[in-house]
Each structure stands twice: as structure tokens, then as C-alpha cells.
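Open the model in your viewer and keep the selection panel at hand. The tour goes stop by stop.

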Amino acid sequence: MKYLFTPPAVPSVPIRGSDEHFPIRRIFCVGRNYEAHARELGNEVDRETPFYFTKSSAHYVSSGATVAYPPGTANYHHEMELVVAIGKAGFQIPEGKALAHVFGYACGLDMTRRDLQKQLRDKQLPWDLAKDFENAAVVSTLAPASDIGHPGKAKIELKVNGDIRQSSNIGLMIHPVPAIIAHLSRFYHLQPGDLIFTGTPEGVGPVIAGDRIEGMIEGVGEIALNIGLAKSP
Ligand code: MN
């Protein structure tokens, strides 16, 4: 068998303290997982059931990159999030065994075209144009759980040009990591390589050309993204 063209390389995340990379399979994202963030966007909080959207692994970009201001938006937002990296396959995983499926954790930026998200949400349409676009899934170096454990409570923070915009604690998630894995694995056969963005705390806001985003989660790591001066062609 011959391919029509050379397939693109599998996107992969560097692993801290290792020369190995974590190949990305799928990217799941949890919506509205912090009460104060759901409220700031004018949404009801559903404590019973998490919901999800996805991003293509082709839209991954590594921490420290410089990306162009994306086309089709005038309100390009940062969302600082804890990212879970699945290392062991599982289906219908009980909450009590969920963490055994986690390889490690990273910082993530769920970059969002907020103006499109609001338009799509108001029309009850899918969010793809708002969430799943080029360079919209920023992920830091992965920290293996074998090194850092499973962070339940930790400070999460994001700065733009040195000013704090988001500051919260991952312990405030409505659906904590084991609950997300248990719920998501009722609908998907989770596989090694799957990443889960676990939702953002309050303080989301716009960035413009020339801005630098820096985020951190205590005990997990740091992430950065530069918004280039050139607009995307
Ligand atoms: Mn998000």
C-alpha cells in the first residue's frame, strides 16, 4: 500500500525528564467545570453531568510557541486548564480506579474564539469554529504521575504580559479528574494518547497581537504562548 501523499507526523508532547514524547491520539475538553467561570459567561452550572467538546490533535501547539492571531475572530480568549494524559486503555472505568489510567499531567491553554462561541451557542450550533482551530490546543511538557502524583488541590494561574488574569485552585473543579474519566469512559474507549482538558477557572479574557501568556499549575508545570504581530493570512 502506498499513500497518495506523505502522512503528517503524529503530534506529540515532550515528557519532562525524559527524551520520550507522548503521541496525541484525541483531545477531549470539559466545558463549564468551575462554577465562577460558568457564571462569568452567563451559564447555568450542571453539577450532575459534565459535557465535552473535542479538538483535533492536528491543532496542538507546544508551549513557548508564537502563533498568529487567528482568522475569523475579534475576541480571541485564553483559558488556562489542567490537562490529563491517559496512559492506559479503559472502558466504563470506575471512579475509584480512574487514576490508574493517568500517565501524567500538563498545563493547557484552550484557546477560544469567544465571539464565535457566543454566536454558535445562541443558535444552539456546534462549537467547532470557536474551539477547534489551528494552534488552539496548547499543551506544556507532560509531568508523569510517577513523579508528581495526582494533584487534587493546587494553585492554577494565568498572566498576560505579567498581569494576573486567572487565579484559582484545581480543587474547585465541579467534576474532579476521577469523575471525568469515569463519565467520559462510559461513552468512549479511552486509549493511551488521549488528552483531557479539564476546564478553566474564571478570569478568561481577550489577548491581542504582541501579547505573551504565561500560566502555571503548582506542582505540575508552566506554559507560555506568544501572540505574533502578524495576522494569520
Ligand atoms: Mn476550556
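Two strands count as paired if DSSP finds at least two bridges between them. Keep that cut-off for the first stop. Note also that this is a predicted model.

Stop 1: Select strand E7, residues 76–78. Now zoom in on E7 and E16. They are joined by 2 bridges in the antiparallel sense. Which residue of E16 is the bridge partner of histidine 78? It is glycine 205.

**Stop 2: the manganese ion.** Select the ion, then Glu79, Glu81 and Asp110. These residues are its protein donors: OE from Glu79, OE from Glu81 and OD from Asp110. Along the chain, the donor spacing reads E-x1-E-x28-D. Next, colour by accessible area. Are glutamate 79 and glutamate 81 buried or exposed? Glutamate 79 has a relative accessible area of 4%, so it is buried. Glutamate 81 is buried too, at 0%.

**Stop 3: helix H5.** Select residues 177–184. This helix is mostly covered, with 7 of its 8 residues buried. Show Val177, Ala179, Ile180, Ile181, Ala182, His183 and Leu184; these are the buried ones. What covers them? The cover includes strands E3 (27–31), E4 (51–55), E8 (80–86), E9 (102–110) and E15 (195–197). Select those strands to finish the tour.

Terms used: Residues numbered from 1 in each chain as written. Predicted model: local features only at pLDDT ≥ 70, side-chain atom pairs only at ≥ 80, totals over all residues. Heavy atoms only, no water. Donors = N, O, S within 2.8 Å, 3.2 Å for Na, K, Ca; no water. Buried < 20%, exposed > 50% of the residue type's maximum accessible area, 1.4 Å probe, protein only. Helix = DSSP H or I, 4+ residues; strand = E, 2+ residues; numbered from the N terminus. Contact = heavy atoms within 4.5 Å.
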